[in-house]
Amino acid sequence: MSLLDVNGVDFSYGRGKPVLQQVSFAVEAGASLGIVGESGSGKTTLLRLLLGLTRPDAGTIALNGAAIDTRDSSFMRGYRRQVQAVFQDPYSSLDPRQSVFDIIAEPLRSLRIAGDHVALVAGALDAVGLDATSLRRYPHQFSGGQRQRIAIARAIVARPQVLLADEAVSALDLTTRVRIVALLQALSKDMTLVFVSHDLGVVAAACRDIVVLERGRIVESGRTRDVLARPKHPYTQALLASVPRMPEGLS
Ligand SMILES: Nc1ncnc2c1ncn2[C@@H]1O[C@H](COP(=O)(O)OP(=O)(O)OP(=O)(O)O)[C@@H](O)[C@H]1O
Ligand SMILES: [Mg+2]
């Protein structure tokens, strides 16, 4: 049993063609996994299933051996506490009318987490490298990179076991991207990171393990270093050839 076990997952939207087919992989506690594939390969769909927002047509997703049951609301509340996510767009993902404190504290309220919320929020803010004066401010007062730090603070405030990131650095300029990747890498020492990206360079920098999706199927997986050094599947070779690598020294 791993921390996260995905087993034989099939999924399609309505009666449409299959978007995920027989997807199986495991994520060990403390590992970091990159999920890569070109646009439309099913990465976001897979992440939505991992978050429990949608149910697979077949197969199971289990956390610590317990399969997700999206119809069981008390199970899902426990699950959401353990599995949180950060998305691509730091502009639309933060409510402009809420202060940074309220944004970061939101999971503590909605998950009904006991304890000192002020201290937990302060801890999360510190972990993402923002200072305490940020708490009374509003999202529009921050840059894209800072907003993504706020979104990450919100995702980690309840101390989840798994942090999912969907193209979480794709909207940022290169320098900011490198900094946020470094932050996610640092956080992955305390939690398991699942990082979805079409950018192999970012995954090479941030993730120990990699899964390559092609049209909803896993075509290659393993240690990132091995897969990228000797890609076996033509699709991985093509992905590798088409994506600029992170600048040397930054990875
Ligand atoms: N809500 C939806 N309804 C119907 N089809 C959808 C829906 N969302 C995604 N799809 C389809 O599912 C497939 C996989 O989409 P998905 O968003 O998971 O890909 P992705 O790998 O995340 O792509 P990108 O890199 O562009 O974000 C695509 O063919 C897409 O058109
Ligand atoms: Mg996507």
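Trainee: Which residues are around ligand 1?

Mentor: This is a predicted model, and in it the residues around ligand 1 are Y13, G16, V19, G37, S39, G40, S41, G42, K43, T44, T45 and H198. Each is listed because its C-beta atom, placed from the backbone, lies within 6 Å of the ligand.

Trainee: What classes do the residues of that shell divide into, and which helix gives the most to the shell?

Mentor: The shell around ligand 1 holds two nonpolar, nine polar and one charged residue, with Gly counted among the polar ones. Helix α1, residues 43–50, gives the most, with three residues.

Trainee: Why is α1 called largely enclosed?

Mentor: A residue is buried if 20 or more other C-beta atoms lie within 10 Å of its own, and six of the eight residues of α1 are buried, so the helix is largely enclosed by the rest of the structure. The buried residues are K43, T45, L46, L47, L49 and L50. Just after α1, G52 takes a positive phi of about 80°.

Trainee: What makes β2 and β5 the edges of their sheet?

Mentor: The sheet is an open one of four strands in the order β2-β1-β4-β5, with antiparallel pairing. Strands β2 (18–27) and β5 (66–67) each have a single partner strand, so one side of each is left without a neighbour in the sheet, and this places them at the edges. Within the sheet, strand β1 (residues 4–12) pairs with strand β4 (residues 58–63) in the antiparallel sense over five bridges, and D5 stands opposite A62 in β4. Helix α1 packs on this sheet, where it touches β1, β2 and β4, and its direction makes about 60° with that of β2.

Trainee: How do you know that β9 and β10 are paired, and what lies between them?

Mentor: Two strands pair if at least two bridges are found between them, and strand β9 (residues 209–214) and strand β10 (residues 217–223) have six, in the antiparallel sense. One pair of facing residues is L213 and I218, the latter in β10. The two strands form a hairpin with two residues between them, and R215 in the turn has a positive phi of about 40°.

Trainee: What makes β8 a mostly covered strand?

Mentor: Six of the six residues of strand β8 (residues 192–197) are buried. In a regular strand the side chains alternate between the two faces of the sheet. In β8, T192, V194 and V196 point one way and L193, F195 and S197 the other, and all are buried. Strand β3 (residues 32–36) runs parallel to β8 and is joined to it by five bridges, with V196 as the bridge partner of I35.

Trainee: Why is β7 also described as largely enclosed?

Mentor: Five of the five residues of β7 are buried, so this strand is largely enclosed by the rest of the structure. V162, L164 and D166 cover one side, and L163 and A165 the other. Strand β7 (residues 162–166) pairs with β8 in the parallel sense over five bridges, and D166 stands opposite V196 in β8. Strand β6 (residues 83–86) also pairs with β7 in the parallel sense, over four bridges, and A85 stands opposite L164 in β7.

Trainee: Why does V100 count as buried, whereas A186 is called exposed?

Mentor: Being buried takes 20 or more other C-beta atoms within 10 Å, and being exposed means 12 or fewer. V100, in helix α3, has 26 C-beta neighbours inside 10 Å and therefore counts as buried. A186, in helix α6 (residues 174–187), has 12 other C-beta atoms within 10 Å and is therefore exposed. Leaving aside its neighbours within four places in sequence, V100 is in contact with S134, L135, R137 and I150.

Trainee: Where do α3 and α5 meet, and at what angle do they cross?

Mentor: The axes of helix α3 (residues 100–110) and helix α5 (residues 144–156) come within 6 Å and cross at roughly 35°, and the crossing is right-handed. V100, I103, I104, E106 and P107 in α3 meet I150, A153 and R154 in α5. By class, this contact has six nonpolar, no polar and two charged residues.

Key: Residues are numbered from 1 along each chain as its sequence is written. Chains are lettered from A and ligands numbered from 1 in the order in which they are written. This is a predicted model: local features need pLDDT of at least 70, side-chain atom pairs count only at pLDDT 80 or more; totals for chains, interfaces and linings use all residues. Two residues are in contact if their C-beta atoms, placed from the backbone, lie within 7 Å. Axes are lines fitted to C-alpha atoms, for helices over the stretch in contact, and angles run from 0 to 180 degrees between N-to-C directions. A crossing is left-handed if the near helix is turned anticlockwise from the far one by less than a right angle, and right-handed if clockwise.
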